[in-house]
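The following paragraphs lead through a protein structure, from a single residue to the whole chain. Please keep the sequence and the model in view while reading.

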Amino acid sequence: MTALLQVEDLKVAYGKIEAVKGISFSVEAGQIVTLIGTNGAGKTTTLRTLSGLLKPSGGKIFFDGQPLNGVPAHKIVSMGLAHSPEGRRIFPRLTIAENLQLGAFLRRDPAGIERDIQRAYELFPILGERRRQAAGTLSGGEQQMLAMGRALMSQPKLLMLDEPSMGLSPIMMQRIVETIGELKAQGTTILLVEQNAQAALSLADEGHVMEIGKIVLSGSGQDLLHDESVRKAYLGED
Ligand SMILES: Nc1ncnc2c1ncn2[C@@H]1O[C@H](COP(=O)(O)OP(=O)(O)O)[C@@H](O)[C@H]1O
Ligand SMILES: [Mg+2]
């Protein structure tokens with residue numbers, strides 16, 4: 001079986017600075033795969049490149065059997081790759097409902113869009129309760145829910161989440177972790193980027209540890225969770 005996403009020797013540079021230095025990994029349909037690593041490791045750069053927002057300086061990307069190199073970002077969304085960006089990037093003055101509608105901007109099936117908005121409200125009831133409120137009035141955790149709901153509105157085959165737990169209280173983080181688990185149970189394939197290694201590895205089928213632009217360790221989520229070097233470097237143990 002070919003993987004849903006296949007990344008081969010991907011390199012990405014900002015001018016002369018190479019932020020991603022040749023990484024390879026794949027995501028099979030139905031899996032949660034996580035990229036973990038400290039600030040500056042190249043995780044966000046990787047996701048932005050997969051989304052078509054940055055151009056790779058080397059390597060190949062295949063999604064759902066098609067090459068992604070040179071494909072514009074909007075086309076990549078329509079192929080089924082959705083990105084919930086670092087820092088949420090919701091539209092604070094628009095209502096929650098309007099933010100969700102924007103996630104469906106490439107779709108032309110009003111009935112299906114309405115059904116998926118209802119699905120987002122089922123997944124995150126707070127979004128339904130506040131649907132007519134400006135999104136900027138939501139708490140950080142609620143904005144994260146909106147960012148995830150908006151990404152799901154494009155009916156993705158693969159959902160990429162960039163640090164969904166960033167800046168959240170432990171309770172809110174738990175809620176987001178549970179939702180990622182629910183999405184997987186419903187059949188969504190997820191590429192999860194996190195600095196919070198504990199949460200990410202406990203959810204993941206497979207994980208890759210990134211350090212300054214390279215993958216330095218790969219394994220099942222459970223194996224990495226119990227790996228001594230990972231525990232020391234990322235889980236605050238000594
Ligand atoms: N727009 C940019 N211009 C120049 N360098 C950048 C830019 N964005 C990120 N970088 C650099 O690329 C490296 C990887 O950053 P990033 O992908 O954001 O890491 P992570 O998401 O793992 O924290 C870092 O050294 C960072 O300073
Ligand atoms: Mg980042």
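Gly 80 counts as buried, because its relative accessibility is 4%; buried means under 20% relative accessible area, exposed over 50%, and partly exposed in between, with a 1.4 Å probe and protein chains only. Gly 80 is found in the loop between helix H2 (73–79) and strand S6; helices (H or I, at least four residues) and strands (E, at least two) are DSSP runs, numbered from the N terminus. Apart from neighbours within four places in sequence, Gly 80 is in contact with Phe 63, Pro 156, Lys 157 and Leu 158, where contact means heavy atoms within 4.5 Å. Between Gly 80 and Ala 135 there are 25 Å in space, C-alpha to C-alpha, and 55 residues in sequence.

The model is predicted: local features need pLDDT of at least 70, side-chain atom pairs count only at pLDDT 80 or more, and totals for chains, interfaces and linings use all residues. Residues are numbered from 1 along each chain as its sequence is written, chains are lettered from A and ligands numbered from 1 in the order in which they are written, and side-chain values use heavy atoms, with hydrogens and water left out.

Not counting residues up to four places away in sequence, Phe 91 touches Asn 99, Leu 102, Ala 135 and Arg 150. Phe 91 counts as partly exposed because its relative accessibility is 42%. Gly 213 lies 122 residues from Phe 91 in sequence and 31 Å from it in space, C-alpha to C-alpha.

Which residues coordinate the magnesium ion (ligand 2)? They are Thr 44, through OG1, and Glu 86, through OE, at 2.0 Å. Donors are N, O and S atoms within 2.8 Å of the metal (3.2 Å for Na, K and Ca); water is not among the atoms, so sites may look incomplete. Thr 44 lies in helix H1 (residues 43–50) and Glu 86 in the loop between strand S6 (81–84) and helix H3 (96–102), so the pair ties together parts that are 42 residues apart in sequence. Thr 44, at 23% relative accessibility, counts as partly exposed, and Glu 86, at 30%, also counts as partly exposed.

Helix H1 is largely enclosed by the rest of the structure, because six of its eight residues are buried. These are Lys 43, Thr 45, Thr 46, Leu 47, Thr 49 and Leu 50. Lys 43 has a relative accessibility of 5% and therefore counts as buried. Beyond its neighbours within four places in sequence, the contacts of Lys 43 include Gly 37, Glu 163, Glu 194 and Met 210. Just after H1, Gly 52 takes a positive phi of about 85°.

At the level of the whole protein chain, the secondary structure comes to ten helices and ten strands. Of its 238 residues, 49% count as buried. Among contacts between residues at least 6 apart in sequence, 66% join residues at least 24 apart. The C-alpha atoms fill a box of roughly 45 × 40 × 35 Å, taken along the principal axes.
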